[in-house]
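We will begin with the whole chain and then move to a single residue.

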Amino acid sequence: SDDDAVFDKEVTYRAEDIQPRITYGTNPGAGIAIDECIPTLDSIPEAERDGFLSQLDYMQFRPGQRLEGTPVDYCFLGACTNGRIEDFRAFASGVKGRKKAPGVVAWLVPGSWAVRQQIIDEGIDKILEQAGFELRLPSCSACLAMNPDKVPPGKLSISTSNRNFVGRQGPGARTILASPITVAASAVTGVITDPRRL
């Protein structure tokens, strides 16, 4: 901004005060802090209740439910939105010295060939391999279910993709959006996990 710019209000947010967030519904705005519960029905405006309940019905959740500790079937890191080198560094920091939880399917997809090469150059691929993960080739993969990488109906995916609409990761797939470090924590525990607990 120019030195003489005038603002109606200045707001300061401290990053350390913002808790990791996850979604519970079928749009990116349906989010909560990872240690919060899904809103209760009485906290939702009456005009929005049908839509709120419809989202929860699809996601197989209920009002007031706590999601932390919920088992996950799939963990997805990648594509163009969150498949950057910074995302892979964060993910690797969460899985280093740990092992992928048994039964969890993990798809780690760089956003480009340049990012994939940087992952290899920095040795991140070795950290991932030692933790039981496989670095995949750059693609849309499970971010958008227009290819073989589809989350099966009813399965729960915790994902760094940018959308969680109905069927986004596959017909009937349920998607929770989260940060790379939260996805990493969940991939090694097998349940939705606050990365600050690792």
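Colour the chain by secondary structure, and in this predicted model you can look for six helices and six strands. If you then follow the cartoon along the sequence, the elements come in the pattern β-β-α-β-α-α-β-α-α-β-β-α. The radius of gyration is 18 Å, close to the 16 Å that the globule rule gives for 198 residues, so the protein is as compact as a globular protein of that length.

Among contacts between residues at least 6 apart in sequence, 66% join residues that are at least 24 apart.

Now switch to a surface view, where the protein exposes about 10400 Å², of which carbon and sulfur atoms supply 51%. Of the 198 residues, 46% count as buried. Select the charged side chains as well: there are 22 positive and 25 negative ones, and the centres of the two sets lie 9 Å apart.

Finally, select residues 124–130, which form helix α5, and pick out Glu-129 within this helix. Is Glu-129 buried or exposed? Glu-129 has a relative accessible area of 54%, and because a residue counts as exposed when this value is over 50%, Glu-129 is exposed.

Note on methods: Residues are numbered from 1 along each chain as its sequence is written. This is a predicted model: local features need pLDDT of at least 70, side-chain atom pairs count only at pLDDT 80 or more; totals for chains, interfaces and linings use all residues. Side-chain values use heavy atoms; hydrogens and water are left out. Helices (H or I, at least four residues) and strands (E, at least two) are DSSP runs, numbered from the N terminus. Buried means under 20% relative accessible area, exposed over 50%, partly exposed in between (1.4 Å probe, protein chains only). The radius of gyration is taken over C-alpha atoms; the globule rule is 2.2 Å times the number of residues to the power 0.38. Contact means heavy atoms within 4.5 Å. Accessible areas come from the Shrake-Rupley method with a 1.4 Å probe; for residues, only the protein chains shown count as cover. Lys and Arg count as positive and Asp and Glu as negative; His and the chain ends are not counted. The place of a charge is taken as NZ of Lys, CZ of Arg, CG of Asp or CD of Glu.
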